[in-house]
Amino acid sequence: MSLLALLSVIATYLAITERDLLKAVIFSALQSISYVFIFYLLMAPDIVLVYIPIALGIYPALLLFLIKKTGRYERK
Amino acid sequence: MNISYRFIGLLLLIAMILAISICTTISNVGFNIPHDIKYLSRWVIYSSYLVTTPIFSSMVPEIVNAVIWDYRGIDTFFETSVFYIAIIAAIALFREVKIELVKEYQYLGLSKIVKTVTKTLLVIGLGAAISIALHGHITPGGGFQAGSILASLLLIVIIVFSVHFILMKGLTKNLAIIIRSIGLIGLVSAIFIPILLSLIMNTYGFVFQNQPKVMSPLGLSYVADGHVLSAMVLLLNIFEFLAIFAGFLIIFILLSRPTKELEN
C-alpha cells in the first residue's frame, strides 16, 4: 500500500510538470489506478466502485474531449 | 522545463516522503491509530440492521447505503441537487446547438472488431450496472456507482460507434433530460411523501423517513416475500441511478460533437 501511495505521488508530480497534456492525462489515470488499489486494500468497495468509472473513465475522457477542442501542448 | 530538472525535483520529493515516513514510523510521532472502533461508528454498524427492534434501525444490511440514504440522507440529496444544477448550466451553455441527424453518419466509428467487442461489453456492463443499482442495499454499490458505470459504458459506445449512432437509436438529449427529470421527481417525492402522509393521517412524519419511528407509524415494509428490500433505500437507489446516468449522458452528447458543427 505504501508503494502504491509513492507511485501515486510520482504520477501526480509527472502529471503536473508535463507539457504534453495527453501524457499528463495518462499520468493522472495512473495516479487514479494506484488510488483504486489503495481504496480496495482499505476495505472500501463502495468507493472503488464509484472511483473506477469516474476517475478512469469519465474524467480522462472529458479532459481528452477538451484537449481535442483546444490544443495538445501547453504554452510556456 | 528541462527534463533533468524534473527528475531532480522528483527525486527530492521521493526523498522527502521517505524521510517523513521513516521518521514518523520509527519515533512514533505520527497520528496514533485507534485500535478500537469509535462509539459513533460502532453505533451505526450496530443499528443499521436490527431484526428484533426495527423501530431503532434503518433496516439496511449494507452500512454505507444505510449512512448515505438514511442517517445522512439530506447530504446525498443536496449532492444530487448540485449535480442537477451543474448539468442545467451545461445545457444552458449549449442551448442554441441543434443536433442534425444524418443517416450516413451512424455507420462511422472504429473497426468492426472493436464494435463487436463493445457490443458484448455493453450487454455485460448493462447487467452489472443494473444489478449494482438493485442490490445496493445488500452488497457494496448503489445508485451513483451504477449510474456512473453505465455512463462510462455509454461513453465507450459514443467513442466506438460515434454520437450519431446513439442518437439514431433513439437515445437523444431530450430523452435523457426526461429520464433525469423522472429520477429527480421520484427522489423528491420519495423523500417528502412521509410528511404529506403525516399531515393527512394526523401523525408525525420526517423527511427521509425510511422505517416507522417511535412516534410515527409511517414507513414501507423492509421485507417482501422473504427478500430484504429495505424499501425506501431501494427506491432511492433506482431513482438516483436514472438521474446520474442520464445526467452524464447529456454532457457526453453535448461535448462529443465536432467543433465545426458547434461553430455553425
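**Exercises on chain B and Ser34(A)**

Chain B exposes about 15,600 Å², of which carbon and sulfur atoms supply 72% (Shrake-Rupley method, 1.4 Å probe; for residues, only the protein chains shown count as cover). The model is predicted: local features need pLDDT of at least 70, side-chain atom pairs count only at pLDDT 80 or more, and totals for chains, interfaces and linings use all residues. Residues are numbered from 1 along each chain as its sequence is written, chains are lettered from A and ligands numbered from 1 in the order in which they are written, and side-chain values use heavy atoms, with hydrogens and water left out.

**Exercise 1.** State which elements chain B has and in what order they run.

*Solution.* Step one: chain B has 10 helices and two strands (DSSP runs, numbered from the N terminus: H or I of at least four residues for helices, E of at least two for strands). Step two: from the N terminus on, the order is α-α-α-α-α-α-α-α-β-β-α-α.

**Exercise 2.** Determine how many residues in chain B, as a percentage, are buried.

*Solution.* Buried means under 20% relative accessible area, exposed over 50%, and partly exposed in between (1.4 Å probe, protein chains only). By this criterion, 38% of the 264 residues in chain B are buried.

**Exercise 3.** Describe the place of Ser34(A) and its contacts.

*Solution.* Step one: Ser34(A) lies in helix α2 (residues 21–41) of chain A. Step two: its relative accessible area is 1%, so Ser34(A) is buried. Step three: with neighbours within four places in sequence left aside, Ser34(A) is in contact with Leu4(A), Leu7(A) and Ser8(A) (heavy atoms within 4.5 Å).
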